[in-house]
Structure formats: structure tokens, C-alpha cells
Amino acid sequence: MKIKLELFGASRELSNKDYLEFNIDEKSSIKELRKKLISFVDDKFKGNDNFKKIIETSAFCSEDNNIVSDNYKIIKDKKIGIIPPIGGG
Amino acid sequence: MLHAKIIDIKKEKIEISKSEQFISSSKFGASIIFTGTVRDVNENKKVTGITYDSHDDLVIKSFEEIYKESDDKLLIKDKAVFIEHVKGYVGLGEISILIAVACPHRAEAYDLSRYIIEEIKKRSPIWKKEHYENAESEWLKGNPVQTT
């Protein structure tokens, strides 16, 4: 299934758009999505260490605006947000 | 009583007068207006401005949670709170966040104002991209969000 990954903060450097799209297996977990993103950085950005670090330290949020764990299964959520380390105010 | 909003700087701006109006009530004897503004130096680099990014829905949710928590954690039930945070480019000296609180007594108002800004820093999904004099820019590192 196709999912849309909404980009925020430093993760916006991964694309000129506000999002990335990935094809993933049904019931993939956030952990698997994270691996997919790391592979994407390997392919598109020659394994850029800064980008990898952002992905490794990011949380993810579901379409209904909950921060979800690495075990969360992506079943019907077609939209996931990546939440890099925060620091506003 | 809570007002919580993300201000898209391309469309509108933070206005202190709106917050004063919102928290004004004869039942409150103490009010504090806190503003965060863009500083000209950070870690020895000359800053020219900051671009703020935000996950709007999650930020509003976090503001609401912080407001509700203060009932039990600080035991402050009678209060008015106005929170606005900017998203987009903000120049030097301009306001990025405004927190206005009003309570019956000053000790509660100080505690509440401090609690809200510290919790926002820890929990609200807001990001800063600093712009420097040499035309460079970078996203600040920040703190990872805890997952359960």
C-alpha cells in the first residue's frame, strides 16, 4: 500500500515537497518504515549521516494525531508524520 | 478558559492587545504576559531571523493538555490562558510566542506562566531553522519526542 509521509522540521531537507511517498507492505510497522527511510537516504543522499541521525531520533505520528511507537502497525493510516527532535518556543 | 492558536505569519501576526482582552476579568488579581522574541546571537553565530515550522494539530493538542494538566499538577483551576505560536519566518526582535495568563493571585500566575513555556519547549512539535548573517541557515537540533 502507498503511504504519505508528512515532513516537518529538519526532515523537510529530504524533499522539495512537504511529503514523501512510499510503498510498504500491509501492516508494516513504524520500525519498518524507519528502515525504508534509511534506505531512501542511502539511495538518494549517499547515506548522509546527518539525515540518518534525524530519522533515527525522530518520532512518528498517526493520521489521528497520536505519537506512535516503533511497534505501531500501519493498517489504514495512509498518512504518517515524521516528528524530528523538537525545540520551539 | 483557554485560547490556543498557531499564527501563520504570512496571513496574520501575534497581537498582545488580543491576549490582554482575552484574560481580562475582575475575578483575577494577577496577570502575566510572556513573549518570546528572536535573539540576534545564538552559540556565537549572528542570527538574522528564524523560520518556525509546526505540526499544527499536535501543537494545539499539546497546548490543551498542558492547560488541563495545570489543574492537577499546579492545583490552579481558576485561570485564563492565551497561547499563540508563530509559524513561518520571524525577524530579529519579533514575537514568536505569546503566553498570557491570569489567576486570582500572583504566585499562581508566575507558576502557571513558567510551567506552560517549559512544557511547550519539551513537548510541542515546533522546530526552528536559524538564518545567519552569511546567508547560511540550519535547523536547530532540539530534543527527541518521547514515545510510549
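Start with strand 1 (residues 2-6) of chain A and strand 7 of chain A, which pair in the parallel sense over three bridges. Strands here are DSSP runs (E, at least two residues) and helices are runs of H or I (at least four residues), both numbered from the N terminus; two strands pair if DSSP finds at least two bridges between them. Within this pairing, A:Glu6 has A:Gly81 of strand 7 as its bridge partner.

Before moving on, note that this is a predicted model, in which local features need pLDDT of at least 70 and side-chain atom pairs count only at pLDDT 80 or more, while totals for chains, interfaces and linings use all residues. Residues are numbered from 1 along each chain as its sequence is written, chains are lettered from A and ligands numbered from 1 in the order in which they are written, and side-chain values use heavy atoms, with hydrogens and water left out.

A:Ile83 of strand 7 is the bridge partner of A:Ala59. Of the five residues in strand 7 (residues 79-83) of chain A, four are buried (buried is under 20% relative accessible area, exposed over 50%, partly exposed in between, with a 1.4 Å probe and protein chains only).

Next, display the interface. In contact (heavy atoms within 4.5 Å) are 28 residues of chain B and 20 residues of chain A. The area buried between the two chains is about 2,100 Å², with carbon and sulfur atoms giving 60%; buried area is the accessible area (1.4 Å probe) that two parts lose on being put together, summed over both. Select B:Trp127, B:Trp139 and B:Val145, which supply 27% of the area that chain B buries against chain A, more than any other three residues.

For polar groups, the interface of chain B and chain A has 11 residue pairs in polar contact, both at pLDDT 80 or more. A polar contact is a pair of N or O atoms within 3.5 Å; within protein, one must be able to donate a hydrogen and the other to accept it, and residues adjacent in sequence count only if both atoms are side-chain atoms. On the side of chain B that touches chain A, strand 7 of chain B gives the largest share, four residues.

Now centre on B:Asp53, in strand 4 of chain B. B:Asp53 is buried at 8% relative accessible area, and its side chain reaches the backbone nitrogen of A:Gly9 at 2.7 Å. Its contacts include A:Phe8, A:Arg12 and B:Trp127.

Then turn to salt bridges (a side-chain nitrogen of Lys or Arg within 4 Å of a carboxyl oxygen of Asp or Glu). The rule finds two across the interface of chain B and chain A. Select A:Glu13 and B:Lys129, which form a salt bridge with their closest N and O atoms 3.3 Å apart.

Finish inside chain B. B:Lys5 and B:Glu12 form a salt bridge at 3.2 Å, N to O. B:Lys73 and B:Glu69 meet at 3.9 Å; both lie in helix 2 of chain B, four residues apart, about one turn of the helix. B:Lys73 is exposed at 59%, and B:Glu69 is partly exposed at 22%. The last pair is B:Asp71 and B:Lys79, at 2.3 Å, N to O. B:Lys79 is buried, with a relative accessible area of 4%, whereas B:Asp71 is partly exposed at 24%.

How values were computed. Lists of a residue's contacts leave out its neighbours within four places in sequence.
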